[in-house]
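Thanks for coming. I have one structure to show this morning, and I will keep it short.

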Amino acid sequence: MYDVLRSRYTFGCPTRGETSVVLSAFRRLVRLPGASHPAVYRVEFACGCGAEHPALVTHDDLDWAPLGLQDSTPFLNLMTSRVEELASELGDLAARRIKAGEWPWSFFCWPEERPRPVYPSAFKLLAPAVSGDQVGLAVRCPACDRVSINLVSRAHVDVPFVNDRDVGVVEHLFSHDLSATLEQFQAELWSEIFDIRRLNLQ
Ligand SMILES: [Zn+2]
Ligand SMILES: [Zn+2]
């Protein structure tokens, strides 16, 4: 379902049959009750056909597949001209970077007033910003469990280990009720009340 070489998820589309999207095309993620091995998320994504569709994604596909920690697609290593397991290559690299203090994803937790590392399964809502290449991102903090909204680049979401140096932060404490949050989220995004914070985890 996740293509690690193209950083895209493949889902079904009622008009196109099949489509592939990047993580920043996700609009809403909800963890389904019950399933826990693996946990399953219901997502809604913005499809290339213009509509939004639902899809199911496992926790592994959300958090680990983009790091190459699950995919075992063979690939040709141009340095050695050998077909090797992509998983071990990328997975090793990701593990080394995480050990060195780099984080694949991060966000600025407004209630705690500090940057935090995070995984995509903590993303709750995403919305493209009014202009440019940015996306509004509602994250439930894995440390304090409160919701923050950041304005980040698409690459910050789509490409592991690409973290914006500065992010926009909405100075507002959001409720845990996601539908209420969604309304506030869109209102805040369109009004562009963002404060800039440095996202330096080191
Ligand atoms: Zn579609
Ligand atoms: Zn927090």
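I will go through the zinc site and then the nonpolar cores.

This is a predicted model, in which local features need pLDDT of at least 70, side-chain atom pairs count only at pLDDT 80 or more, and totals for chains, interfaces and linings use all residues. Residues are numbered from 1 along each chain as its sequence is written, ligands are numbered from 1 in the order in which they are written, and side-chain values use heavy atoms, without hydrogens and water.

First, the zinc ion, ligand 2. Its protein donors are Cys109 (SG), Glu112 (OE), Cys141 (SG) and Cys144 (SG), at 2.0 to 2.4 Å; a donor is an N, O or S atom within 2.8 Å of the metal, or 3.2 Å for Na, K and Ca. The angles among the 4 donor atoms run from 103 to 120°, and the site is tetrahedral, which for four donors requires all angles between 85 and 135 degrees. The spacing in sequence is C-x2-E-x28-C-x2-C. Cys109 sits in strand E9 and Cys144 in the loop between strands E12 and E13, so this pair ties together parts 35 residues apart in sequence; strands are DSSP runs of at least two residues.

Now the cores, meaning sets of buried Ala, Val, Leu, Ile, Met, Phe, Trp, Tyr and Cys residues joined through side-chain atoms within 4.5 Å. Buried is under 20% relative accessible area, with a 1.4 Å probe and protein chains only. The largest has 40 residues, of which Tyr9, Phe11, Phe26 and Phe123 touch the most other members. Strand E5 gives the largest share, 4 residues. A second, separate core has 11 residues, including Ile149 and Phe194.

Conventions
Four donors count as tetrahedral if all angles lie between 85 and 135 degrees; four count as square planar and six as octahedral if opposite donors are over 155 degrees apart and all others between 65 and 115; anything else is irregular. Buried means under 20% relative accessible area, exposed over 50%, partly exposed in between (1.4 Å probe, protein chains only).
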